[in-house]
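Hi,

Here is the structure I promised to send over. Have a look at it first, and my notes on its pockets follow below.

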Amino acid sequence: MAEGVTPRSEDYSRWYQDIIREAELADYGPVRGTMVIRPYGYAIWENIQKALDRRFKATGHRNAYFPMFIPYSFIEKEKAHVEGFSPELALVTIGGGKELEEPLVVRPTSETIINYMFAKWVQSYRDLPLLINQWANVVRWEMRTRPFLRTLEFLWQEGHTAHATYEDAEEEALRMIELYRDFAENEGAVPVVVGRKSRIERFAGALHTYTMEAMMGDKKALQAGTSHNLGQNFAKAFGIQFLDENNELQYAWQTSWGVSTRFVGAVIMVHGDDQGLRLPPRLAPIQVVIVPIWRKDAEREAVEQAAHRICEQLENAGIRVHLDDRAEHTPGWKFNFWEMKGVPVRIEIGPRDVAKGAFVLARRDMPGKEGKTFDHPIEEAAARVGALLNEIQRNLLEQARTFRDANIHDVRTYDELREVIAAGGWALGYWAGSDDDERRVKEETGATLRCFPFEQPGEPGTCLMTGREANEVAIFAKAY
RNA sequence: CGGGGCGUAGCUCAGCCCGGUUAGAGCGCGGCGUUUGGGACGCCGAGGCCGGAGGUUCGAAUCCUCUCGCCCCGACCA
């Protein structure tokens, strides 16, 4: 086991905190519930940003930036919205030493201010669709905080779009949750269940909320991204109107969707083990670390020369590589250090390898010796490493999916649901219960209705709670 | 907001019960030397208003009161 890290099996919450500290992802800020994202953690976020932003651009969205301060009156304009958010608002009441006439809200999300602006920009059906994204920080005064998963301030992207018809907005909301799924699985190697939120769980002010739910290493669910069809609720509150082809005034149909720094937490908890982080190659700030090994100064030069040659080859191939040639640490120490940091591939090269013109590959997704292969020719470094990175990316997703599928259980009755939840798994069963039935499950088991998965059996069944005919299955789980 | 825990060196903590030398350890940090294929070792060294304010006492890290902060667990939430 790694030094300074509580084993996952002993105390998962402690393990999570230990990993964040030891891998230097983040540190606690001076204000309760705040955190500093350290360079290594931020580099992961930057890779998440790049992967998402590329996809947003490819689907026609453009980035913009809206102010952090929102007039309090804006928040009050949409009834469900204000009810949803008012408990967790941070208000600014003094500015420049003077009491403000109207308090300012530090944005908990930007629907209101963005839609205020949209109302100015949208006049005609020709202005639609309006497809905007912003990268920003938001503030929600949470009671219970955890690094990355829930902090008073967090970073995210929030997409906001306006469309001419309900169908267009619905299509957009679905397109974006699918985009998120593709991102989560193909970049983060995080398998997700995509589906629709229940009335109770959906976003304050939305018609439909779509979600992707991921299973963490302790089998708790994490909402890793959401996409909302907002209908015309905000358009009506903010007067976003346009003239259609028939010269008739219509309210716009809207969506919003977001993924946050919480996703970093998902990557930690889906892949991490008792040795530390395990990063999917596509999000890893460093994909390959080279550890040169030598005893005597006489050996040093030849080894480091070979190490540099490999390093250069990998760089030229576009691989993010780091050569750890520090003299103050032993190879063994470096192995542990970079394993803690979750670097997917390690190259070891010592005198014996140099003599053969070869190097050793060690993969982070397999423990110890099992993950080591020998005698890779130096000239083939780029090809060998490239292939291994792809293999690791694939394998991490596979491992996570196997774990998840083994812990989702079909249930037919409420008793079965209780059993599954008590054992810590996810319960999948037919559901046609009321809002109160859903609340009862939460009260009695601690589990919430995570979503009605898009993937359905295709035939009706019997509701586990009411015994009535149900058209859909739902997933219940304890969640972060 | 309830319940629990913790504030002593950069970090993790001991010391506190039962007040009394110059406040300690491990890790980390700096220097020198030996080392380096899975967390090396020796020697030397730097580093503390013991969270804050009151009080008790000849004397407080230690006892009392108040306060501030952080963490964990629960109720609300991306």
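By class, 13 nonpolar, two polar and six charged residues make up the lining of the second largest pocket. Please keep in mind that this is a predicted model.

Let me stay with that second largest pocket for a moment. Its space comes to about 460 Å³. Of its 21 lining residues, Leu428, Pro453, Glu455, Val473 and Ile475 are the closest to the centre. At least two lining residues come from each of β9 (192–196), α12 (381–406), β20 (408–410), β21 (426–430) and β25 (473–477). Where does the second largest pocket lie? Both domain 1 (12–271) and domain 3 (408–477) give residues to its lining, so the second largest pocket lies between them.

Now to the largest pocket, which has a volume of about 1400 Å³. Its lining consists of 47 residues, and those that lie nearest its centre are Arg140, Glu142, Arg150, Gln223 and Arg262. Sorted by class, the lining of the largest pocket holds 18 nonpolar, 14 polar and 15 charged residues.

Which elements supply at least two residues each to the lining of the largest pocket? On the strand side they include β8 (153–163), β11 (221–231), β14 (253–260) and β22 (448–453), and the helices among them are α4 (79–85), α8 (262–271) and α14 (435–445). As for domains, domain 1 (12–271) and domain 3 (408–477) each contribute at least three residues to the lining of the largest pocket.

Best wishes

Notes. Residues numbered from 1 in each chain as written. Chains lettered and ligands numbered in written order. Predicted model: local features only at pLDDT ≥ 70, side-chain atom pairs only at ≥ 80, totals over all residues. Heavy atoms only, no water. 1 Å grid on protein atoms, 1.4 Å probe; cavity = no way out; pocket = protein on both sides within 12 Å on 5 of 7 lines; lining within 4 Å. Points joined across faces, edges and corners; volume = space filled by probe spheres on them. Helix = DSSP H or I, 4+ residues; strand = E, 2+ residues; numbered from the N terminus. Nonpolar A, V, L, I, M, F, W, Y, C, P; charged D, E, K, R; others polar. Domains from an automatic or database assignment.
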